[in-house]
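Please read this report with the sequence and the 3D structure open beside it. It goes from a few individual residues to the chain as a whole.

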Amino acid sequence: MGVYAVTGSASGMGAAVVQRLIDAGHRVITVDIAQADVVADLSTAGGRRDAAEKVLAACGGRLDGAVLAAGLGPSPGRDRPRLITQVNYFGVVDLLEGWREALAATGNAKVVVFSSNSTTTMPMVPNRAIAALLDGDAERALRAYRPFAKMAPTMAYGASKVAVTHWMRRRSVEPEWVRAGIRLNAIAPGAVLTPLLEKQLATPGEARAIKSFPVPAGGYGDAGLLADWVVHMLGPAADFMVGSVVIVDGGSDAWFRADDWPRPVPGRRLVGYLRRMREFKKVRS
Ligand code: NAD
(Lines give C-alpha, C1' and ligand atoms only; values in the text may rest on other atoms or scores of the structure.)
Protein backbone atom coordinates (compact mmCIF):
# COMPACT_ATOMS: atom_id res chain seq x y z
CA MET A 1 0.00 0.00 0.00
CA GLY A 2 1.21 3.47 -0.81
CA VAL A 3 1.80 6.80 0.87
CA TYR A 4 0.09 9.80 -0.75
CA ALA A 5 0.04 13.53 -0.02
CA VAL A 6 -3.23 15.32 -0.78
CA THR A 7 -3.68 19.09 -0.60
CA GLY A 8 -7.13 20.64 -0.30
CA SER A 9 -7.97 17.50 1.64
CA ALA A 10 -10.56 19.01 3.99
CA SER A 11 -13.28 19.65 1.44
CA GLY A 12 -14.82 18.82 -1.93
CA MET A 13 -12.87 16.76 -4.44
CA GLY A 14 -9.70 16.59 -2.32
CA ALA A 15 -11.69 15.12 0.58
CA ALA A 16 -13.34 12.60 -1.76
CA VAL A 17 -9.92 11.50 -3.03
CA VAL A 18 -8.64 11.09 0.55
CA GLN A 19 -11.62 8.90 1.46
CA ARG A 20 -11.11 6.62 -1.54
CA LEU A 21 -7.38 6.24 -0.88
CA ILE A 22 -7.97 5.40 2.79
CA ASP A 23 -10.75 2.94 1.85
CA ALA A 24 -8.27 1.23 -0.49
CA GLY A 25 -5.81 0.83 2.42
CA HIS A 26 -3.32 3.57 1.55
CA ARG A 27 -1.78 6.03 3.97
CA VAL A 28 -2.65 9.66 3.25
CA ILE A 29 -0.89 12.76 4.54
CA THR A 30 -3.49 15.51 4.32
CA VAL A 31 -2.64 19.20 3.78
CA ASP A 32 -5.10 22.04 4.21
CA ILE A 33 -5.55 25.38 5.93
CA ALA A 34 -7.48 23.59 8.72
CA GLN A 35 -8.52 20.04 9.65
CA ALA A 36 -5.49 18.29 8.19
CA ASP A 37 -2.36 16.37 9.27
CA VAL A 38 -0.34 19.28 7.96
CA VAL A 39 -2.10 22.57 8.60
CA ALA A 40 -0.58 25.22 6.34
CA ASP A 41 -1.66 28.34 4.52
CA LEU A 42 -0.63 27.74 0.92
CA SER A 43 -1.21 31.39 0.03
CA THR A 44 2.13 32.32 1.63
CA ALA A 45 5.65 31.23 0.67
CA GLY A 46 6.33 30.35 4.31
CA GLY A 47 3.18 28.22 4.51
CA ARG A 48 4.15 26.34 1.36
CA ARG A 49 7.70 25.76 2.64
CA ASP A 50 6.29 24.50 5.93
CA ALA A 51 3.81 22.20 4.15
CA ALA A 52 6.52 20.77 1.89
CA GLU A 53 8.87 20.08 4.82
CA LYS A 54 6.26 18.61 7.14
CA VAL A 55 5.02 16.21 4.48
CA LEU A 56 8.61 15.11 3.77
CA ALA A 57 9.12 14.47 7.48
CA ALA A 58 5.85 12.55 7.73
CA CYS A 59 6.52 10.32 4.71
CA GLY A 60 10.17 9.65 5.54
CA GLY A 61 11.31 11.02 2.16
CA ARG A 62 9.24 8.57 0.03
CA LEU A 63 5.95 9.37 -1.68
CA ASP A 64 3.99 7.05 -3.97
CA GLY A 65 1.96 9.95 -5.21
CA ALA A 66 0.43 13.35 -4.66
CA VAL A 67 -2.82 15.09 -5.46
CA LEU A 68 -2.80 18.89 -5.63
CA ALA A 69 -6.43 19.86 -5.09
CA ALA A 70 -6.16 22.96 -2.88
CA GLY A 71 -7.63 25.85 -4.79
CA LEU A 72 -9.78 28.95 -4.67
CA GLY A 73 -12.59 29.81 -7.04
CA PRO A 74 -13.08 33.15 -8.84
CA SER A 75 -15.26 34.81 -6.20
CA PRO A 76 -15.25 38.62 -5.96
CA GLY A 77 -12.81 40.46 -3.69
CA ARG A 78 -9.91 42.88 -3.96
CA ASP A 79 -7.35 40.44 -2.60
CA ARG A 80 -8.80 37.49 -4.48
CA PRO A 81 -6.50 37.62 -7.55
CA ARG A 82 -3.46 37.47 -5.27
CA LEU A 83 -4.86 34.57 -3.22
CA ILE A 84 -5.86 32.64 -6.34
CA THR A 85 -2.39 33.18 -7.81
CA GLN A 86 -0.63 32.03 -4.65
CA VAL A 87 -2.77 28.97 -3.90
CA ASN A 88 -3.76 27.72 -7.37
CA TYR A 89 -0.39 28.21 -9.04
CA PHE A 90 2.42 28.46 -6.45
CA GLY A 91 0.59 26.10 -4.08
CA VAL A 92 1.07 23.40 -6.71
CA VAL A 93 4.45 24.27 -8.20
CA ASP A 94 6.32 24.97 -4.94
CA LEU A 95 5.04 21.79 -3.27
CA LEU A 96 5.81 19.55 -6.23
CA GLU A 97 9.31 21.00 -6.52
CA GLY A 98 9.76 20.37 -2.80
CA TRP A 99 8.51 16.79 -3.12
CA ARG A 100 10.25 15.79 -6.37
CA GLU A 101 12.99 13.77 -4.72
CA ALA A 102 10.53 11.97 -2.45
CA LEU A 103 8.41 11.11 -5.50
CA ALA A 104 11.51 9.92 -7.37
CA ALA A 105 12.48 7.73 -4.41
CA THR A 106 9.67 5.27 -5.07
CA GLY A 107 10.47 4.94 -8.79
CA ASN A 108 6.88 4.97 -10.11
CA ALA A 109 5.07 7.81 -8.38
CA LYS A 110 1.89 9.32 -9.80
CA VAL A 111 0.84 12.96 -9.46
CA VAL A 112 -2.53 14.50 -10.30
CA VAL A 113 -2.81 18.29 -10.49
CA PHE A 114 -6.22 19.94 -10.37
CA SER A 115 -6.64 22.02 -13.50
CA SER A 116 -10.06 23.18 -14.74
CA ASN A 117 -12.06 23.27 -17.96
CA SER A 118 -11.81 27.06 -17.62
CA THR A 119 -8.40 26.52 -19.30
CA THR A 120 -10.18 25.96 -22.61
CA THR A 121 -13.62 27.53 -22.16
CA MET A 122 -12.84 30.89 -20.53
CA PRO A 123 -12.27 33.73 -23.03
CA MET A 124 -9.82 36.63 -22.75
CA VAL A 125 -7.43 35.17 -20.17
CA PRO A 126 -4.33 37.38 -20.60
CA ASN A 127 -1.40 35.47 -22.09
CA ARG A 128 1.09 37.79 -20.41
CA ALA A 129 -0.21 36.71 -16.98
CA ILE A 130 0.28 33.05 -17.92
CA ALA A 131 3.82 33.84 -19.11
CA ALA A 132 4.54 35.80 -15.92
CA LEU A 133 3.44 32.88 -13.73
CA LEU A 134 5.58 30.44 -15.68
CA ASP A 135 8.47 32.86 -15.05
CA GLY A 136 7.61 32.69 -11.33
CA ASP A 137 6.64 36.40 -11.27
CA ALA A 138 3.38 36.80 -9.30
CA GLU A 139 3.52 40.62 -9.26
CA ARG A 140 3.74 40.84 -13.06
CA ALA A 141 0.78 38.48 -13.35
CA LEU A 142 -1.25 40.60 -10.91
CA ARG A 143 -0.55 43.75 -12.94
CA ALA A 144 -2.01 42.03 -16.01
CA TYR A 145 -5.39 41.57 -14.25
CA ARG A 146 -5.83 45.24 -13.24
CA PRO A 147 -7.52 46.43 -16.47
CA PHE A 148 -10.18 43.74 -15.95
CA ALA A 149 -11.47 45.49 -12.78
CA LYS A 150 -14.31 43.33 -11.36
CA MET A 151 -13.38 40.48 -13.69
CA ALA A 152 -9.85 40.32 -12.23
CA PRO A 153 -10.56 37.28 -10.00
CA THR A 154 -12.01 35.40 -12.98
CA MET A 155 -8.96 36.21 -15.12
CA ALA A 156 -6.64 35.26 -12.25
CA TYR A 157 -8.44 31.95 -11.92
CA GLY A 158 -8.24 31.17 -15.64
CA ALA A 159 -4.57 32.18 -15.84
CA SER A 160 -3.63 30.21 -12.71
CA LYS A 161 -5.15 27.04 -14.14
CA VAL A 162 -3.65 27.45 -17.62
CA ALA A 163 -0.23 28.21 -16.16
CA VAL A 164 -0.26 25.31 -13.70
CA THR A 165 -1.31 22.98 -16.52
CA HIS A 166 1.46 24.23 -18.81
CA TRP A 167 3.95 23.90 -15.93
CA MET A 168 2.80 20.33 -15.36
CA ARG A 169 3.07 19.42 -19.06
CA ARG A 170 6.54 20.99 -19.40
CA ARG A 171 7.88 19.19 -16.32
CA SER A 172 6.13 15.89 -17.12
CA VAL A 173 8.53 15.17 -20.00
CA GLU A 174 11.72 16.51 -18.40
CA PRO A 175 14.19 13.73 -17.61
CA GLU A 176 14.39 14.56 -13.90
CA TRP A 177 10.67 13.82 -13.60
CA VAL A 178 9.83 11.28 -16.30
CA ARG A 179 13.07 9.27 -16.03
CA ALA A 180 12.59 9.12 -12.27
CA GLY A 181 9.33 7.31 -12.97
CA ILE A 182 7.19 10.26 -11.88
CA ARG A 183 3.99 10.53 -13.91
CA LEU A 184 2.60 14.08 -13.91
CA ASN A 185 -0.96 14.47 -15.20
CA ALA A 186 -3.92 16.77 -14.61
CA ILE A 187 -7.65 16.52 -14.21
CA ALA A 188 -9.77 19.36 -15.61
CA PRO A 189 -13.23 19.33 -14.05
CA GLY A 190 -16.15 21.43 -15.18
CA ALA A 191 -18.71 22.66 -12.64
CA VAL A 192 -18.65 20.14 -9.78
CA LEU A 193 -20.98 20.58 -6.83
CA THR A 194 -18.53 21.19 -3.97
CA PRO A 195 -18.38 23.97 -1.34
CA LEU A 196 -16.33 26.01 -3.86
CA LEU A 197 -19.18 25.94 -6.41
CA GLU A 198 -21.87 26.30 -3.71
CA LYS A 199 -20.21 29.54 -2.62
CA GLN A 200 -20.35 30.85 -6.18
CA LEU A 201 -23.97 29.73 -6.58
CA ALA A 202 -24.85 31.72 -3.45
CA THR A 203 -23.79 34.95 -5.20
CA PRO A 204 -26.58 36.01 -7.65
CA GLY A 205 -24.28 37.37 -10.39
CA GLU A 206 -22.03 34.31 -10.32
CA ALA A 207 -25.00 31.94 -10.10
CA ARG A 208 -26.49 33.45 -13.29
CA ALA A 209 -23.20 33.00 -15.15
CA ILE A 210 -22.78 29.40 -13.96
CA LYS A 211 -26.38 28.40 -14.71
CA SER A 212 -26.30 29.85 -18.21
CA PHE A 213 -22.98 28.16 -19.10
CA PRO A 214 -23.39 25.38 -21.70
CA VAL A 215 -23.13 21.89 -20.14
CA PRO A 216 -24.44 19.43 -22.77
CA ALA A 217 -24.81 16.60 -20.21
CA GLY A 218 -26.76 18.94 -17.92
CA GLY A 219 -26.42 19.58 -14.20
CA TYR A 220 -23.21 19.52 -12.17
CA GLY A 221 -20.46 16.97 -11.67
CA ASP A 222 -20.21 14.92 -8.50
CA ALA A 223 -17.07 15.13 -6.32
CA GLY A 224 -16.99 11.35 -5.86
CA LEU A 225 -17.00 10.67 -9.61
CA LEU A 226 -14.14 13.12 -10.12
CA ALA A 227 -12.26 11.41 -7.28
CA ASP A 228 -12.71 8.05 -9.05
CA TRP A 229 -10.88 9.46 -12.08
CA VAL A 230 -8.10 10.86 -9.88
CA VAL A 231 -7.60 7.56 -8.04
CA HIS A 232 -7.42 5.74 -11.40
CA MET A 233 -4.72 8.22 -12.47
CA LEU A 234 -2.77 7.38 -9.29
CA GLY A 235 -2.68 3.66 -10.13
CA PRO A 236 -0.78 1.45 -12.61
CA ALA A 237 -3.20 2.53 -15.37
CA ALA A 238 -1.14 5.73 -15.49
CA ASP A 239 2.26 4.04 -15.97
CA PHE A 240 2.34 5.22 -19.61
CA MET A 241 0.33 8.40 -19.07
CA VAL A 242 2.51 11.52 -19.13
CA GLY A 243 1.45 15.16 -19.29
CA SER A 244 -2.19 14.34 -20.05
CA VAL A 245 -5.13 16.54 -19.14
CA VAL A 246 -8.29 14.55 -18.47
CA ILE A 247 -11.33 16.77 -19.02
CA VAL A 248 -14.44 15.72 -17.08
CA ASP A 249 -16.90 18.52 -17.68
CA GLY A 250 -20.20 17.27 -19.05
CA GLY A 251 -19.18 18.28 -22.57
CA SER A 252 -18.62 22.06 -22.25
CA ASP A 253 -15.14 21.89 -23.77
CA ALA A 254 -16.41 19.75 -26.67
CA TRP A 255 -19.32 22.18 -27.15
CA PHE A 256 -17.04 25.17 -27.61
CA ARG A 257 -13.99 23.53 -29.16
CA ALA A 258 -14.84 20.20 -30.79
CA ASP A 259 -12.34 20.68 -33.60
CA ASP A 260 -9.53 22.32 -31.62
CA TRP A 261 -8.18 19.03 -30.37
CA PRO A 262 -6.63 16.91 -31.72
CA ARG A 263 -4.99 19.38 -34.05
CA PRO A 264 -2.32 18.27 -36.56
CA VAL A 265 0.95 20.21 -36.64
CA PRO A 266 0.48 23.03 -39.21
CA GLY A 267 3.18 23.64 -41.82
CA ARG A 268 4.26 26.91 -40.21
CA ARG A 269 5.11 24.99 -37.04
CA LEU A 270 7.28 22.42 -38.82
CA VAL A 271 10.55 24.11 -37.88
CA GLY A 272 9.71 24.01 -34.16
CA TYR A 273 8.54 20.42 -34.48
CA LEU A 274 11.81 19.32 -36.10
CA ARG A 275 13.75 21.20 -33.40
CA ARG A 276 11.92 19.19 -30.70
CA MET A 277 12.78 15.97 -32.60
CA ARG A 278 16.48 16.90 -32.46
CA GLU A 279 16.28 17.93 -28.82
CA PHE A 280 14.75 14.58 -27.93
CA LYS A 281 17.65 12.70 -29.52
CA LYS A 282 19.98 14.67 -27.24
CA VAL A 283 18.07 14.00 -23.99
CA ARG A 284 17.64 10.32 -24.87
CA SER A 285 21.36 9.75 -25.48
P1 NAD B 1 -13.31 23.11 -2.16
O2 NAD B 1 -13.46 24.54 -1.81
O3 NAD B 1 -14.37 22.16 -1.72
O4 NAD B 1 -11.91 22.56 -1.63
C5 NAD B 1 -10.74 23.31 -1.79
C6 NAD B 1 -9.84 23.09 -0.60
O7 NAD B 1 -8.68 23.93 -0.75
C8 NAD B 1 -10.49 23.46 0.74
O9 NAD B 1 -10.40 22.41 1.67
C10 NAD B 1 -9.70 24.67 1.20
O11 NAD B 1 -9.57 24.81 2.61
C12 NAD B 1 -8.35 24.44 0.53
N13 NAD B 1 -7.61 25.69 0.46
C14 NAD B 1 -8.05 26.88 -0.03
N15 NAD B 1 -7.18 27.85 0.24
C16 NAD B 1 -6.15 27.28 0.92
C17 NAD B 1 -4.94 27.77 1.48
N18 NAD B 1 -4.62 29.07 1.43
N19 NAD B 1 -4.11 26.89 2.09
C20 NAD B 1 -4.43 25.58 2.17
N21 NAD B 1 -5.57 25.06 1.67
C22 NAD B 1 -6.42 25.90 1.06
O23 NAD B 1 -13.11 23.07 -3.74
P24 NAD B 1 -13.20 21.90 -4.83
O25 NAD B 1 -14.30 22.27 -5.73
O26 NAD B 1 -13.12 20.55 -4.25
O27 NAD B 1 -11.85 22.24 -5.63
C28 NAD B 1 -10.74 21.36 -5.73
C29 NAD B 1 -9.92 21.82 -6.91
O30 NAD B 1 -10.67 21.66 -8.11
C31 NAD B 1 -9.50 23.29 -6.86
O32 NAD B 1 -8.18 23.42 -7.31
C33 NAD B 1 -10.45 23.95 -7.85
O34 NAD B 1 -9.92 25.11 -8.43
C35 NAD B 1 -10.63 22.85 -8.86
N36 NAD B 1 -11.87 22.95 -9.67
C37 NAD B 1 -13.09 22.98 -9.06
C38 NAD B 1 -14.24 23.04 -9.85
C39 NAD B 1 -15.62 23.03 -9.24
O40 NAD B 1 -16.59 23.30 -9.98
N41 NAD B 1 -15.79 22.70 -7.99
C42 NAD B 1 -14.11 23.10 -11.24
C43 NAD B 1 -12.85 23.09 -11.82
C44 NAD B 1 -11.72 23.00 -11.02
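## A buried alanine in a loop

Ala 238 is buried, with a relative accessible area of 0%, where buried means under 20% relative accessible area, exposed means over 50% and partly exposed lies in between, with a 1.4 Å probe and protein chains only. Ala 238 is found in the loop between α11 and β7 (245-248); helices (H or I, at least four residues) and strands (E, at least two) are DSSP runs, numbered from the N terminus. When its neighbours within four places in sequence are left aside, Ala 238 is in contact with Lys 110, Arg 183, His 232 and Met 233, contact meaning heavy atoms within 4.5 Å. The C-alpha atoms of Ala 238 and Asn 185 are separated by 8.7 Å, although these residues are 53 apart along the chain.

## How to read the model

This is a predicted model, in which local features need pLDDT of at least 70 and side-chain atom pairs count only at pLDDT 80 or more, while totals for chains, interfaces and linings use all residues. Residues are numbered from 1 along each chain as its sequence is written, and side-chain values use heavy atoms, with hydrogens and water left out.

## The chain as a whole

The protein chain has 13 helices and seven strands. Its radius of gyration is 18 Å, close to the 19 Å that the globule rule gives for 285 residues, so the chain is as compact as a globular protein of that length; this radius is taken over C-alpha atoms, and the rule is 2.2 Å times the number of residues to the power 0.38. Along its principal axes the C-alpha trace spans about 50 × 50 × 40 Å.

Of the 285 residues, 48% count as buried, and among contacts between residues at least 6 apart in sequence, 75% join residues at least 24 apart. The accessible surface comes to about 14400 Å², of which 56% belongs to carbon and sulfur atoms, with areas from the Shrake-Rupley method with a 1.4 Å probe and, for residues, only the protein chains shown counted as cover.

## Helix α1 and its cover

Helix α1 (residues 12-23) has 12 residues and reaches 17 Å from its first C-alpha to its last, close to the 16 Å expected at 1.5 Å a residue; the expected span is 1.5 Å times one less than the number of residues. Which residues of α1 are buried? They are Met 13, Gly 14, Ala 16, Val 17, Val 18 and Leu 21, and what covers them includes the strands β1 (3-7), β2 (27-32), β4 (65-68), β5 (110-114) and β6 (183-189), together with helix α11 (223-233). An α-helix has 3.6 residues a turn, so residues three or four places apart point the same way.

Val 17, which is found in this helix, counts as buried at 0% relative accessibility. Apart from its neighbours within four places in sequence, Val 17 is in contact with Val 6, Val 67, Ala 227, Val 230 and Val 231. Val 17 and Leu 226 are 209 residues apart in sequence, yet 8.4 Å apart in space, C-alpha to C-alpha. After α1 comes Gly 25, whose phi is positive, near 95 degrees.

## Two further buried residues

Ala 66 lies in strand β4 and is buried, with a relative accessible area of 0%. Not counting residues up to four places away in sequence, Ala 66 touches Tyr 4, Ala 5, Trp 99, Leu 103, Lys 110, Val 111, Val 112 and Leu 234. Its C-alpha atom is separated by 9.3 Å from that of Ile 29, a residue 37 places away along the chain.

Ser 160 lies in helix α7 and is also buried, with a relative accessible area of 0%. Leaving aside neighbours within four places in sequence, Ser 160 is in contact with Ile 84, Asn 88, Tyr 89 and Leu 133.

## Backbone details in loops

Met 124 lies in the loop between α4 (118-121) and α5 (127-134), and its phi is near 70 degrees, a positive value in a residue other than glycine. Is Met 124 buried or exposed? At 62% relative accessibility, Met 124 counts as exposed.

Ala 149 is placed in the loop between α6 (138-145) and α7 (152-172), where its phi is near 45 degrees, a positive value in a residue other than glycine; Ala 149 is exposed, with a relative accessible area of 55%. The peptide bond from Trp 261 to Pro 262 is cis, with omega near 0 degrees, and Pro 262 lies in the loop between α12 (252-257) and α13 (270-284).
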